[in-house]
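Work through the exercises below with the sequence and the model side by side. Each task is followed by a solution in steps.

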Amino acid sequence: MDTSMVPGDVARKFQCTVCCDYMQPPVLQCCNGHFICSICCLMLNLCPVCRIPLQNIRNMGIEIFANIIRLPCNYSKFGCAVPLLHTERREHEETCEYRLWGLLNDRVYANKPRTLQDLKDNISAEIRNITEETLQRVTANMQMRVEACLLENGGHFQHLL
Ligand SMILES: [Zn+2]
Ligand SMILES: [Zn+2]
Ligand SMILES: [Zn+2]
């Protein structure tokens, strides 16, 4: 199976227009064909794009694609380059090593630091708040990937999550 990431413009088409998460089956649509993720669909009565009433119409065609394509990790904006099948997403994102910065990023900027020293202080404080359990999970995940890489002599290996 193709293990490469779909191009960015294709990936964006798989983002729900409401919550911006990548859609995974079941994918629903309005009568005019606008996609919406099943979670947002539960909370909305009208299509967010064309404002017609939603009727829980599934789009099986897009679901076939959603089942086989690899989309970016939600922490790709922080540097993660792992291509994910939707079945792999949850487990990967829970232990993604970029999640740490993803989590820190918002908190570090929450009080809008004005100087470099303020920013440094915020980062130090937030790093001290990271739980040992989170660190253990991230480290174990990293170790697993490094070992897989060594086993294959640096060649391609099955995507590990
Ligand atoms: Zn959504
Ligand atoms: Zn619509
Ligand atoms: Zn990731």
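**Exercise 1.** In which loop does R51 lie?

Before the solution, some conventions. The model is predicted, local features need pLDDT of at least 70, side-chain atom pairs count only at pLDDT 80 or more, and totals for chains, interfaces and linings use all residues. Residues are numbered from 1 along each chain as its sequence is written, while chains are lettered from A and ligands numbered from 1 in the order in which they are written.

Solution. Step 1: R51 lies in the loop between α2 (38-43) and β3; helices (H or I, at least four residues) and strands (E, at least two) are DSSP runs, numbered from the N terminus. Step 2: the phi of R51 is positive, about 65°, although R51 is not a glycine. Step 3: R51 is exposed, because it has 9 other C-beta atoms within 10 Å. A residue is buried with 20 or more other C-beta atoms within 10 Å of its own, exposed with 12 or fewer, and partly exposed in between, with C-beta atoms placed from the backbone.

**Exercise 2.** Describe K112 in the same terms.

Solution. Step 1: K112 is found in the loop between α5 (99-109) and α6 (116-129). Step 2: K112 is not a glycine, yet has a positive phi of about 45°. Step 3: K112 counts as exposed, because it has 7 C-beta neighbours inside 10 Å.

**Exercise 3.** Locate the cis peptide bond that involves P26.

Solution. Step 1: the bond from P25 to P26 is cis, with omega near -5°. Step 2: P26 belongs to the loop between α1 (8-13) and β1.

**Exercise 4.** Give the strand order of the open sheet of 3 strands.

Solution. Step 1: the order is β2-β1-β3, with antiparallel pairing; two strands pair if DSSP finds at least two bridges between them. Step 2: β2 and β3 (57-58) are the edge strands, each pairing on one side only. Step 3: β1 and β3 are joined by 2 bridges, and I57 in β3 is the bridge partner of Q29.

**Exercise 5.** Characterise the surroundings of F78.

Solution. Step 1: F78 sits in the loop between β4 (71-72) and β5 (83-84). Step 2: F78 counts as partly exposed, because 17 C-beta neighbours lie inside 10 Å. Step 3: not counting residues up to four places away in sequence, F78 touches Y98, W101, G102 and N105.

Note on methods:
Two residues are in contact if their C-beta atoms, placed from the backbone, lie within 7 Å.
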